[in-house]
Amino acid sequence: MIPLLLFWLMIVPATAVAESVIDSSAVQAQSTRTAPLTIEEVLARIELTHPLLQATGLERAQARAKILKALGAWEPKLRNELEFDRYQTYNLTNVFGAPNVLSAGYNDTFLRVGHPWGWEIYAGLRNGFGDRATLGGFNGVAFGTIQSPGVAIPQDMQGFYPQQMLMLGGAFNLLRGFMINEAYAGFQQAELAAPQAEVKVAQKRQDLYLAGAVQYWDWQVAVKQADMVKRSLDVAEERYHMVEGRAKAGAVAPIDVVEAREEVQRRREAAIAAQRKVEYEQYKLALFLWEDGRPVTPRPEWAPEFQGETPLPSEEDVAVFKVDATEDRPEVRDLYIEARLNNIELKLAKNSLLPKFTVEGGPVTGAIYWIGGFAYRVGAVFSVPLFNREARGKVAHAEAQQERLAWKQAFTERQVTVDVDNWLSAQVRARDRVRAATEALRSAKTLEEGERARFNMGATSVLFVNVRERNVVNAAYELYRAQADYAVSRGGMLWAKGALSKPIPDNILAKYGDSLHAAGSSGRKLPGRD
């Protein structure tokens with residue numbers, strides 16, 4: 001039984017031993033597909049459905065939330081305040097020596113409104129109430145009256161009846177905090193959260209596009225390599241049967257049968273390893289192909305042929321690419337926004353060097369009502385730290401940060417231009433490698449055909465034929481790898497100039513899904529909202 005099993009393992013085709021393992025759900029969903037998987041579709045599916053891009057798109061919603069939160073600093077507030085007091089008077093007006101026990105109070109209803117420039121105003125109505133002695137202005141004793149006005153009656157700004165008073169008040173910062181203050185700086189920084197969110201989306205899109213493209217070409221190389229190894233195995237098996245028959249007829253030595261059988265096993269092992277490589281690459285590529293919330297595993301028959309050579313960019317094109325890189329690359333755009341955020345901090349820090357001078361006024365509150373009635377107060381507050389160390393420290397920190405960002409920005413702008421030169425070099429060298437690998441494969445095939453013809457005439461051995469065929473497989477792999485590197489270099493040039501940070505056009509997205517609900521558009525403000 002065991003020898004029979006070993007014999008079966010030797011003669012069974014590699015397609016049965018190394019059968020592809022594919023996700024059953026993907027097979028059911030894509031079983032009828034015959035069209036090849038293109039790089040355009042890979043990028044479109046990333047833009048339409050990739051979860052990480054959708055998660056990053058929610059930065060837009062968070063940016064809008066930051067603005068709403070910052071606007072809460074000046075949210076109009078409707079307030080109602082109630083105060084009730086009961087007190088005694090004991091002075092010369094109490095002719096019988098008994099104190100007067102009086103009660104009074106007020107109810108304030110007003111609207112308070114702030115402004116980003118550092119001032120706040122409010123307006124409303126105050127309604128006074130109390131017992132008869134308080135409202136009428138006498139002490140409630142049968143003999144004599146108090147000549148002073150009543151506690152609950154306003155002296156000015158009277159409203160619609162004697163116990164009602166119009167309220168006006170506010171506070172103004174004339175030096176520190178005027179037009180530049182903590183709340184307004186926070187709002188300005190919150191407004192920059194929206195462009196920051198767009199930069200983060202562009203950065204994630206750029207990374208996913210490049211990673212998906214590289215994985216797509218790695219998968220394509222693995223499929224082509226597996227196909228080449230499989231065909232090589234078929235040839236080895238056919239030769240093994242031929243040599244075995246010739247050995248039985250006495251035309252060749254029995255050692256040639258062992259050599260042919262050993263080569264079959266060697267290539268079968270290589271075919272299994274190549275098939276595993278295909279499955280490994282296709283599962284990695286599936287993470288860039290999503291449908292209905294699940295990754296779609298591509299099938300080997302979807303792999304297209306490599307594209308041919310394209311013209312290299314001219315010097316004028318390269319110069320334009322460098323300009324585009326300094327404008328479109330998310331790394332550079334993020335530094336510009338960071339510099340603007342730091343400028344806001346610097347302005348706020350310089351403003352804190354000024355003295356604090358606040359003018360405020362409005363109706364007074366507290367025990368003054370017990371004696372003099374409703375009244376207004378106006379005041380001015382002026383203060384400044386003697387050494388102002390905190391403010392000077394903030395200014396020094398913001399200036400150092402500004403200089404640091406300037407150096408970092410200069411380096412990043414230079415770096416993105418070097419990236420353009422680097423990928424241009426990669427494209428040129430990959431093109432040269434493709435040409436050299438094509439010639440090497442052509443020569444290897446010529447030698448293989450010649451060696452096989454010599455073997456058929458009995459002028460050489462199986463060993464040399466196997467060596468020639470292995471050289472063809474290796475040369476084909478080097479050609480596929482060079483073609484993939486050439487495709488990667490073209491995509492790398494798009495990445496270097498910032499083109500991959502922009503979404504796929506809508507007319508292309510429409511071929512593969514609804515562009516209005518693309519993952520790269522998640523978090524965008526809907527019409528009529530906010």
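Reader: Which residues form one aromatic cluster with Trp74?

Author: Tyr184 and Phe187 do; together with Trp74 they make one cluster. Keep in mind that this is a predicted model.

Reader: How do Trp74 and Tyr184 pair, stacked or edge-to-face?

Author: Edge-to-face. Their centres are 6.4 Å apart, with 75° between the planes.

Reader: Where do the two residues sit in the chain?

Author: Trp74 is in the loop between α6 (59-71) and β1 (77-89). Tyr184 is in helix α8, residues 182-191.

Reader: Why does Trp74 count as buried?

Author: Because its relative accessibility is 13%, and the cut-off for buried is under 20%. Phe187 counts as buried too, at 13% relative accessibility. Tyr184 is also buried.

Reader: How many aromatic pairs does the structure hold?

Author: Ten.

Reader: Switching to charges over rings. What sits over the ring of Trp495?

Author: The charged end of Arg329, 4.2 Å from the ring centre. Arg246 has its charged end over the ring of Phe455, 5.6 Å from the centre.

Reader: OK, overall fold. How many helices and strands?

Author: The protein chain has 16 helices and eight strands.

Reader: What share of the residues is buried?

Author: 40% of the 530 residues. The chain exposes about 29,100 Å², and carbon and sulfur atoms supply 60% of that.

Reader: And what share of the contacts joins residues at least 24 apart?

Author: 79%, among contacts between residues at least 6 apart in sequence.

Reader: Now the strands. Does β4 pair with β7 in the parallel or antiparallel sense?

Author: Antiparallel, over four bridges. Strand β4 covers residues 164-173 and strand β7 covers 356-363. Ala171 has Glu360 in β7 as its bridge partner.

Reader: How many bridges join β7 and β8?

Author: Eight, again in the antiparallel sense. Strand β8 spans residues 376-383. There, Ser383 is the bridge partner of Lys356.

Reader: On to the core. How many residues are in the largest nonpolar one?

Author: 76. Those with the most contacts inside it are Leu37, Ile46, Tyr216, Trp217, Trp219, Val243 and Val420.

Reader: Which helices supply at least two residues each?

Author: α4 (39-49), α9 (193-248), α10 (254-286), α11 (315-328), α14 (389-456), α15 (462-496) and α16 (506-509).

Reader: Which one gives the largest share?

Author: α9, with 18 residues of this core.

Reader: What does Ile46 touch?

Author: Leaving out residues up to four places away in sequence, Ile46 touches Leu53, Leu208, Tyr209, Gly212, Phe288 and Ala519.

Reader: What about the second core, how many residues there?

Author: Seven. This core is separate, and includes Ala185, Val199, Leu341 and Leu348.

Technical notes:
Residues numbered from 1 in each chain as written. Predicted model: local features only at pLDDT ≥ 70, side-chain atom pairs only at ≥ 80, totals over all residues. Heavy atoms only, no water. Buried < 20%, exposed > 50% of the residue type's maximum accessible area, 1.4 Å probe, protein only. Contact = heavy atoms within 4.5 Å. Areas by Shrake-Rupley, 256 points an atom, 1.4 Å probe, with all protein chains shown as cover. Phe/Tyr/Trp six-rings, centres within 6.5 Å; stacked < 30°, edge-to-face > 60°. Lys NZ or Arg CZ within 6 Å of the ring centre and 35° of its normal. Pairing = 2+ DSSP bridges. Core = buried A, V, L, I, M, F, W, Y, C linked by side-chain atoms within 4.5 Å.
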